[in-house]
Amino acid sequence: MDFFEIASRSITNLTRNERILFDYVVKNMKRIKNQSIREVSAECFVSTTTFLRFVRKLGFTGYSEFTTVLKFTESRKPDIQSPPFVVKQKDYREEYLKNIIESVRVLEPSKLEQITTKLEQKPRIYFFAKGLSKHAAEYVKYLYTMNGFLVEFPEDYQYRQAILPHISTEDMVFILTYAGHDIELVQTAQRLKARKDSPLLISITCADNNIIQNMSDINLYIFTDEIEINNLDMTSRISTIAIMELILYQYMENTNQKLLKKNDQNEIHF
């Protein structure tokens, strides 16, 4: 198992300070895997005893197992291109298209049907996204709003926290997050799934195993080349948009087919 599979079992029990440590580990996994517990503790401004207690609370027997699992998890991730476009533009364009095609190809019909069936009930839709994914969510919100859905997209932290109590079991929640381990969005998913009347929770993340993926009722995943410039995420979200468009178009097709069938039945009755 990788880091996220193990940690997802215990993250709900973390204290506020431990969640800060968790966030630090996720963001610096590549470096931490080769550091000693003293080095990591010093960077986090905690004692080695505190950090070891945190590691064990996550489900690891000790620091050695912790770093071993980090190395395994990191080995499964593609290297981030730095600088981007080190390959010829023609080659990159081909990979870009392949990623979109693959993201669409692996979209399971059963999941698509489950989502569109829920959409036919005209639920209120909530989008949760941060960072670069927020801009994809803005476009998707526009599409779904123009098709008659009531859509909520809380763009700042206070709004996201204030809106959570108003989400009901009849609603749909989409969490758009490429990496799938943002601590705030993880906590959002936890709060929603802890309810007896939890809404349908759908996430769109990268194909790697991650916490939000494991907490969702339905997870759809995308393929893309990770790009980072000056420590800023520039990874394409086009595949995320493509999937959300396909869901909407499938819903529109289903609705039109049912309308035509109903009209045919009325004509036969007449």
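This is a predicted model: local features need pLDDT of at least 70, side-chain atom pairs count only at pLDDT 80 or more; totals for chains, interfaces and linings use all residues.

Are Y144 and F149 buried or exposed? I find both buried, where buried means under 20% relative accessible area, exposed over 50% and partly exposed in between (1.4 Å probe, protein chains only).

Residues are numbered from 1 along each chain as its sequence is written, and side-chain values use heavy atoms, with hydrogens and water left out.

**Rings.** I looked up aromatic pairs (Phe, Tyr and Trp rings, the six-membered one for Trp, with centres within 6.5 Å; planes under 30 degrees apart are stacked, over 60 edge-to-face, the rest tilted). The count is 14. F3 and F22 have ring centres 5.8 Å apart and planes at 20°, so I log them as stacked. F3 sits in α1 (residues 3-7) and F22 in α2 (residues 16-27), so this pair ties together parts 19 residues apart in sequence. Helices here are DSSP runs of H or I with at least four residues, strands are E runs of at least two, and numbering starts at the N terminus. F3 and F22 are both buried. Back to Y144 and F149: centres 5.9 Å apart and planes at 45° make that pair tilted. I also see one aromatic cluster that includes F3, F22, F51 and Y63.

**K122.** This lysine lies over the face of F149, 4.0 Å from the ring centre; the rule wants NZ of Lys or CZ of Arg within 6 Å of the centre and within 35 degrees of the ring normal. K122 is in the loop between α8 (109-119) and β1 (125-129), and is partly exposed at 41%. Its phi is positive, near 55°.

**F45.** Here is another positive phi, about 60°, in a residue that is not a glycine. Most residues other than glycine have a negative phi. F45 is in the loop between α4 (37-44) and α5 (48-57) and counts as exposed at 76% relative accessibility.

**Sheet.** I traced an open five-stranded sheet, order β2-β1-β3-β4-β5, with parallel pairing (pairing needs at least two DSSP bridges between strands). β2 (151-152) and β5 (218-222) are the edges, each pairing on one side only. β4 (residues 200-206) joins β5 through five bridges, and T205 stands opposite Y221.
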